[in-house]
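The sequence and the model come first, and the text follows.

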Amino acid sequence: MALFSAFQTTFLLALLSLKTYQSEVLSEPLSLAPESLEVSIDSARQCLHLQWSVHNLAYHQELKMVFQIEISRIKTSNVIWVENYSTTVKRNQVLRWSWESKLPLECAKHSVRMRGAVDDAQVPELRFWSNWTSWEEVDVQSSLGHDPLFVFPKDKLVEEGSNVTICYVSRSHQNNISCYLEGVRMHGEQLDPNVCVFHLKNVPFIRETGTNIYCKADQGDVIKGIVLFVSKVFEEPKDFSCETRDLKTLNCTWAPGSDAGLLTQLSQSYTLFESFSGKKTLCKHKSWCNWQVSPDSQEMYNFTLTAENYLRKRSVHLLFNLTHRVHPMAPFNVFVKNVSATNATMTWKVHSIGNYSTLLCQIELYGEGKVIQQNVSVKVNGKHLMKKLEPSTEYTAQVRCANAHHFWKWSEWTRRNFTTAEAAPSEAPDVWRNVKSVQGHCVVTLFWKPLSKLQANGKILFYNVVLENLDRPSTLKLLSIPAPANGTELTLDRCSYQIHVTANNSVGTSPASVIAVSGDPGNSMAVCFPGQPSLV
């Protein structure tokens, strides 16, 4: 019986402890108030930074909470800002929140307080506010020093088109203070006897060294001023594009836009984020960034490029299929072989681009003021026969390639120069002559017109003049006249002659121009055209 009584007592104590624990756990949210509230100042950014904790949470317990924050100016009854901040809270976790003031913090005293409430679906019945914390006061004026006049904010940086609030703090409310923007007097509102506030709207960019603002007292020589740095609007990146040359690396490029317009430029950062893989990289350059292609055969990419400076962020987006953005590298090992007078063969190799290796290659041939263009499909090695070329002519052949399946961009050109071989001249020289009789002899002066480049098919080295005596057919005389001569003089007897004139290059001889000279001295002048004998 004693054993049973002892057991009953132990059970009742355990049950009582459990109920006490449950009561404590359930009552915990009732006292989940923000504690250890601290407020600090960031004068450069004109921000109040708050930090606090919630101490009464159980160990390892997490709850969603909402904190209502009030900020007052000058008097605690003058509440200028109310905001609800939601977050997940752990025991003794340090929570942080910041607020940027439009009015410089040096212009007025500010006070901050907050309260909290559970906002968690696990305990819907406990959604009510805790008590407010006490007001935390922030008074920057008390630490300014003893100068008679101050102007704020110091060295503020804004974008053109922004609204800015300026103030002065005077240690003596008996002085009349006048303030000027670039020499033009400003009109403000009195915040208290020692503080006046000026609201500047849509501030313009004036110069790279900033906008000058100063205040002076009517009595004495007290002048204080500030420089307001107004930057040009930070533009979003333009022409954002990505491409690959080898299906291993993506090269993304963009135009960063105009600079801030200030002597001291704002630092800018560019971040590339790909949503399908969840990867991010900080770009080292302001206009391009490389991205390693995923080894798991990812084809679709969704990029967000974020540009950021001290004042703002800008983002642009790009969605594409990797295989549709192939920009091949320039063909290599390009040669022109088997060059004859009228034909040549061009060969080249292309860089591998994985399984998508069929390329469309374009060949262009420049020569004699004409352009010939042809397309060829290539996998690894390319070959093209160039036909119907002109002999002894300088040509430029070039080749570039693109993805045959999904055209994106041509590669760079690879060029080769070559000259076709010479061929025998294709036309007879245009020949004429002058005939006169001198002391019983016939003096024949021959003239010929040099062949055109198209007719010569190479460099003319010499002209052959063959004299054929028609009265003695077996008698032939050969004269070789070096180029660039365009004529010669012959002294003949009274016999009749046929004269053959040909042009010669390193390959062969042109067709002959033929003229005839009669032994009859009656006709002393005549003209003979190529291939048409004329008797005199």
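The report covers disulfides, other cysteines, strand pairing and a surface patch.

This is a predicted model, in which local features need pLDDT of at least 70 and side-chain atom pairs count only at pLDDT 80 or more, while totals for chains, interfaces and linings use all residues. Residues are numbered from 1 along each chain as its sequence is written, and side-chain values use heavy atoms, with hydrogens and water left out.

## Disulfides

A disulfide here is a pair of cysteine sulfur atoms within 2.5 Å. The count by this rule is 5 disulfides. With bonded cysteines counted along the chain, the pattern is 1-2, 3-4, 5-6, 7-8, 9-10. The table lists some of the disulfides, with the distance between the sulfur atoms.

| Cysteines | S to S distance |
|---|---|
| Cys179 and Cys215 | 2.0 Å |
| Cys242 and Cys252 | 2.0 Å |
| Cys361 and Cys401 | 2.1 Å |

Strands and helices are DSSP runs numbered from the N terminus; a strand (E) has at least two residues and a helix (H or I) at least four. A residue is buried under 20% relative accessible area, exposed over 50%, and partly exposed in between (1.4 Å probe, protein chains only).

The disulfide of Cys179 and Cys215 is right-handed, because the torsion about its S-S bond is about 110 degrees. This pair links distant parts of the chain: Cys179 is in strand β11 (residues 177–181) and Cys215 in strand β15 (residues 211–217), 36 residues apart. Both Cys179 and Cys215 are buried.

For Cys242 and Cys252 the torsion about the S-S bond is about 110 degrees, so this disulfide is right-handed. Cys242 belongs to strand β17 (residues 238–244) and Cys252 to strand β18 (residues 249–255); the pair links distant parts of the chain, 10 residues apart. Cys242 counts as buried because its relative accessibility is 0%. Cys252 is also buried, at 0% relative accessibility.

The torsion about the S-S bond of Cys361 and Cys401 is about 100 degrees, so the disulfide is right-handed. Cys361 lies in strand β26 (residues 359–367) and Cys401 in strand β29 (residues 394–403), 40 residues apart, and the pair links distant parts of the chain. Cys361 and Cys401 are both buried.

## Other cysteines

## Strands and sheets

Strands of a sheet pair through backbone hydrogen bonds, either parallel or antiparallel. Two strands count as paired if DSSP finds at least two bridges between them.

β26 and β29 pair in the antiparallel sense over 8 bridges. The bridge partner of Cys361 in β29 is Cys401, and these two cysteines also form a disulfide. β29 is joined as well to strand β30 (residues 414–419), by 6 bridges and in antiparallel fashion. Across from Gln398 stands Arg415 in β30. Of the 10 residues of β29, 8 are buried, so the strand is mostly covered.

An open sheet of 5 strands has the order β9-β16-β15-β11-β12, with mixed pairing. Its edge strands, each pairing on one side only, are β9 (157–159) and β12 (184–185). β11 pairs with β12 in the antiparallel sense over 2 bridges, and Tyr180 stands opposite Arg185 in β12.

Another open sheet has 3 strands in the order β31-β32-β35, with antiparallel pairing. The edge strands are β31 (430–438) and β35 (487–492), each of which pairs on one side only. Neighbouring strands of this sheet are turned by 20 degrees against each other on average, direction ignored; the angles are taken between axes, which are lines fitted to C-alpha atoms (for helices over the stretch in contact), and run from 0 to 180 degrees between N-to-C directions. Strand β32 (residues 441–449) and β35 are antiparallel and share 6 bridges. Val444 has Leu490 as its bridge partner in β35.

## A surface patch

Phe276 lies in the loop between β19 (269–274) and β20 (279–282). Together with Met300 and Leu319, Phe276 forms a nonpolar patch on the surface, with about 310 Å² of accessible area in total. Patches are made of residues with over 30% relative accessible area and no salt bridge; nonpolar side chains (Val, Leu, Ile, Met, Phe, Trp, Tyr) are joined within 5 Å, and like charges within 9 Å. A salt bridge is a side-chain nitrogen of Lys or Arg within 4 Å of a carboxyl oxygen of Asp or Glu. Accessible areas come from the Shrake-Rupley method with a 1.4 Å probe, and for residues only the protein chains shown count as cover.
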